[in-house]
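Open the model in a viewer and keep the selection tool at hand. The stops below are taken one at a time.

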Amino acid sequence: MPIVDMDDIIHGNAVYGIDVMIAGMKFASIERPPSYGGHVASFDAKEALKVPGVEHVIEVPGAPPPSGFRPLGGIAVVANSTWAAMQGRQKLQIVWEPGPNAGYDSGEYQTALQKTARQPGKVARDNGDAMQALTTAAKRVSADYFVPHLAHATMEPEACTAVFADGACTVWAATQNPQQSRTTVAEVLGIDQSDVTVNVTLLGGGFGRKSKPDYVAEAAFLARAVGAPVKVTWTREDDLTHGYYHAAAAQHLEGGLDGDGKPVAWLHRTVFPSIGSTFKEDTVYGSAGELSQGVIDMPYDIPNVRCENGRAEAHVRIGWYRSVYNIPHGFAVGSFVDELASAAGKDPLQFLLAMLGPPRRLDPQLLGQGYSNYGAPMDEYPIDIGRLRNVVLLAAARSGWGSPLPPRHGRGIAVHRSFLTYVAAVAQVGVADDGTVSVPRIDLAVDCGMVVNPDRVAAQFQGAAVMGLGNTLYSNLTFKNGRAEQANFGDYQVPRIDATPDTHVYVVRSDAPPGGVGEPGVPPVAAAICNGIFHAVGQRVRTLPVDPAQLRAA
């Protein structure tokens with residue numbers, strides 16, 4: 001079956017969030033606090049109201065941390081066009097009360113997370129005696145990994161149009177979460193959910209950002225305040241500086257090898273701010289679901305395993321980002337397996353298969369009481385090592401694993417199970433003399449169970465390859481004095497068309513129950529690329545995004 005709105009999309013007739021038009025509607029642009037938890041101390045709207053087309057200047061109430069899905073607050077300029085509203089916004093004079101996170105410095109935060117990751121944490125999985133096995137191992141290997149904050153950077157920034165009349169509100173929103181949009185609008189307006197209607201437009205990209213309806217509530221609040229339909233349009237700068245960000249994460253891994261190079265011990269410590277911190281005070285450890293994304297569900301055949309989680313406070317809104325915590329965990333685990341292979345002096349592919357062990361179903365009792373399995377029953381959706389092995393073998397065979405490559409080129413391989421789907425990635429990587437990294441080709445083997453629409457599955461994984469590439473080589477959001485330092489695509493980099501790899505997707509035919517396809521393609525890509533860099537020039541990359549300066553002398 002083709003997608004039902006393909007013809008409208010191709011011919012420019014599809015309706016996205018910014019496309020909605022209603023007779024008599026007004027247009028709003030909002031200046032929000034520069035740091036999370038700040039609020040307006042005072043403001044002067046005189047100059048803004050002089051801008052032609054500006055009709056109203058309205059304070060939008062914000063919620064203190066943890067703010068959940070409620071708006072951040074600020075000052076809205078309402079006008080007869082979006083352009084006029086934006087011009088009026090630039091004339092606002094606002095004095096901000098900075099709030100509790102005005103001193104947030106992401107560089108200092110990285111150092112603190114890394115320090116915590118090197119210390120014992122809260123035990124999440126404990127099989128055998130990993131610490132003793134590490135002590136007695138013939139060879140002990142350790143590595144530290146870091147992934148920074150990331151922004152969703154959807155092609156269409158957040159947008160919503162709202163009408164309030166007769167005590168009821170109707171919205172047209174590019175939302176991934178219409179149910180929560182309805183709930184949040186009702187909460188902010190103080191009305192019953194039955195009096196809120198949500199019309200869903202095409203997203204213009206979501207990746208998790210548009211599951212959080214703060215922008216929907218902003219439009220609803222302003223529609224009631226103005227007494228007319230109001231469209232709120234975020235700028236790219238708003239999107240990057242006031243988002244719900246992917247969590248920065250520091251990880252420390254140790255492995256022990258016996259005299260034959262076989263792994264006998266595994267230690268994994270992970271430290272990151274939890275998404276729960278956006279909704280509940282004093283949330284400083286990862287949830288069971290977050291730790292079930294590549295930590296306690298580690299599938300390798302190792303007798304002594306210990307997984308720990310360190311304490312981390314949040315200083316920005318942390319939210320779901322495509323693949324969520326599988327991104328940092330997939331990067332670290334997939335990279336460390338390759339490091340162990342090198343330490344053992346073995347081929348990465350053969351070592352990976354040996355690490356997985358024979359086809360079997362992983363015993364759920366090994367994972368402890370906290371494993372969540374994405375909310376699915378383990379008897380219906382087990383962790384199937386045979387399916388992991390199959391996608392590894394398929395991706396390797398189709399990629400030409402082992403065949404000659406040009407100088408300063410290498411192949412890297414990684415595998416990861418997430419959202420009940422099994423994915424292996426092989427990346428062919430080139431490193432130029434100046435340290436610039438190119439990825440000419442990515443091969444993805446996918447076992448997502450029963451497939452209804454193979455074309456859409458392939459499209460999801462092609463997009464995942466590009467997003468994974470961006471996470472690995474370019475994207476990095478940093479904070480100084482509580483403010484995001486990147487504001488647009490000039491300084492928050494995403495892949496351009498010339499960087500897009502030749503992506504090959506191989507979907508395994510399966511009668512197993514269907515798993516996810518939107519998110520599982522991203523996690524193994526970073527490890528595959530960084531492993532490829534190592535096999536190209538002998539330099540390990542453990543901090544993202546890749547720094548070309550680190551590779552110049554390699």
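A cavity here is a set of grid points where a 1.4 Å probe fits but cannot get out, and its volume is the space filled by probe spheres set on the points. The model is predicted.

Seven cavities of 30 Å³ or more are present in the structure. Begin with the largest cavity, which holds about 140 Å³ of space. Select Ser35, Tyr36, Leu72, Thr241 and His242: among the 17 lining residues, these lie nearest the centre of the largest cavity. By class, the lining of the largest cavity has eight nonpolar, seven polar and two charged residues.

Move to the second largest cavity, with a volume of about 120 Å³. To show its lining, select Gly294, Asp297, Met298, Pro299, Tyr300, Val333, Ile383, Leu388, Val415, His416 and Arg417. Which strand gives the most to this lining? Colour strand S15, residues 409-418, which supplies three residues. The lining of the second largest cavity divides into seven nonpolar, two polar and two charged residues.

**The helix pair H10 and H11**

Next, display helix H10 (residues 326-344) together with helix H11 (residues 348-356). Their axes lie 9 Å apart, and the packing angle is about 110 degrees. Angles of 65 to 115 degrees count as roughly perpendicular, and H10 and H11 are therefore roughly perpendicular to each other. The crossing of H10 past H11 is right-handed.

For the contact, show side chains on both helices. H10 brings Val337, Asp338, Leu340, Ala341 and Ala344, which meet Pro348, Phe351, Leu352 and Met355 of H11. The residues of this contact between H10 and H11 are eight nonpolar, no polar and one charged.

**The largest pocket and helix H13**

Now turn to the largest pocket, whose volume is about 940 Å³. Its lining has 29 residues; centre the view on Gly204, Gly205, Gly206, Phe207 and Arg322, which lie nearest the centre of the pocket. Which helix contributes the largest share of the lining of the largest pocket? Select helix H13, residues 454-473, from which eight of the lining residues come. The lining of the largest pocket comprises 16 nonpolar, 10 polar and three charged residues.

H13 and H14 cross in a right-handed sense. On the H13 side, the contact is made by Ala464, Ala465, Gly468, Leu469, Thr472 and Leu473; on the H14 side, by Val525, Ala526, Ile529 and Cys530. Sorted by class, the contact of H13 with H14 has eight nonpolar, two polar and no charged residues.

**Backbone stops in the loops**

The peptide bond from leucine 544 to proline 545 is cis, and omega is near -5 degrees.

Proline 65 is joined to proline 66 by a cis peptide bond with omega of about -5 degrees.

Finish in the loop between H11 and helix H12 (385-399), and select tyrosine 374 there. Is the phi of tyrosine 374 positive or negative? Tyrosine 374 has a positive phi, about 60 degrees, although it is not a glycine.

Conventions:
Residues numbered from 1 in each chain as written. Predicted model: local features only at pLDDT ≥ 70, side-chain atom pairs only at ≥ 80, totals over all residues. Heavy atoms only, no water. 1 Å grid on protein atoms, 1.4 Å probe; cavity = no way out; pocket = protein on both sides within 12 Å on 5 of 7 lines; lining within 4 Å. Nonpolar A, V, L, I, M, F, W, Y, C, P; charged D, E, K, R; others polar. Helix = DSSP H or I, 4+ residues; strand = E, 2+ residues; numbered from the N terminus. Axes fitted to C-alpha atoms, helices over the stretch in contact; angles between N-to-C directions. Parallel < 35°, antiparallel > 145°, perpendicular 65-115°, else oblique. Left-handed = near helix turned anticlockwise from the far one by under 90°. Contact = heavy atoms within 4.5 Å.
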